[in-house]
Amino acid sequence: MPFLLSRGGANVPAEVQRWQYFLLKQGINQVGGIDADFGLNTETATKFFQVRESLTANGKVTAATLERAAQLGYTIVPDDYYQRRAGTEFPRKPTNLSSPDNATRNRDFTCFKFIQRPRDQRPDAEAIVIKESCNGSQSDWVAANIVTIEAPQLKFASGFNGRVRCHAKAAPLLTKLFKKWEEEDLLHLIRTYEGCFVPRYKRNQAPGGDGGHSSKKSTDVDALSNHSFGSAFDINFIDNQLGHVPAECGQRGATRELVAAANSVGIFWGGHFSTRDGMHFEISKLS
Ligand SMILES: [Zn+2]
């Protein structure tokens, strides 16, 4: 029995996301966004699909509706799909990848100098301002290293403006990952996009006091976020907040099924940190 869906039904949230993503791909924008909630918009959009495909227009994702959708590329997963991915230990932490240490990321993405403005002059507690490269060869490290790439795979994610800003050396890997997620038909799992390059300390790890600080080198500061190097990005923030157990497979906003593909291209998942950060994906090392 495939995962049938309806308004008020006992729906698996991730399967609602799959269906909402499919409707968006089919150009049926009445569905709104990917929110995992089978509400009036999704019901209406389902009727649009059913009318278009000459099915009974009852607004429910019935077996007949799924059968037609499958002919159009919709993936029908086995009944035990979520049982086999259940629990907070899925997926296993990779043994061959880890969060990069400070030396590794400075080697891969190069050292920069940065300041922290006084608290009343910065947008949040952790924000920094990046200046020149440490060796002085680049007067503006950001302009020299941070690029904007197309990421059409994220186009239905809330908060995505059509482009990802990341380090030029991270770009090929991120592009590869987004394509892999598309090939594996996992893009319905990406509900929201919260950004890649963001110059800041790790959350709650900025130096204390309100005065800010003068120039420091990235090689000297372990507490910088990988977002400062443009080698990490966040998705599905609301369902995978820092320090919380990330959403489990099948639940709204779960990122766990995305991890295997990420690991296969050398990208580590924040859900495998000791302080869990299930929204976060980062490049472990470039080579
Ligand atoms: Zn992050």
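W181 is buried in this predicted model, with a relative accessible area of 0% (buried means under 20%, exposed over 50% and partly exposed in between, with a 1.4 Å probe and protein chains only). F281 likewise counts as buried, at 0% relative accessibility. The structure holds 19 aromatic pairs, where rings of Phe, Tyr and Trp (its six-membered ring) pair if their centres lie within 6.5 Å; planes under 30 degrees apart count as stacked, over 60 as edge-to-face and the rest as tilted. W181 and F281 form an edge-to-face pair, with 5.5 Å centre to centre and 75° between the planes. This pair links distant parts of the chain, 100 residues apart: W181 lies in helix α6 (residues 171-183) and F281 in strand β9 (residues 280-283). One aromatic cluster is formed by F112, F114, W141, Y201 and F229.

The protein comprises seven helices and nine strands, taken as DSSP runs numbered from the N terminus (helices H or I, at least four residues; strands E, at least two). Its radius of gyration is 21 Å, close to the 19 Å given by the globule rule for 287 residues, so the protein is as compact as a globular protein of that length. The radius is taken over C-alpha atoms, and the rule is 2.2 Å times the number of residues to the power 0.38. The C-alpha trace spans about 65 × 35 × 35 Å along its principal axes. Of the 287 residues, 49% are buried.

Residues are numbered from 1 along each chain as its sequence is written. Local features need pLDDT of at least 70, side-chain atom pairs count only at pLDDT 80 or more, and totals for chains, interfaces and linings use all residues, while side-chain values use heavy atoms, with hydrogens and water left out.
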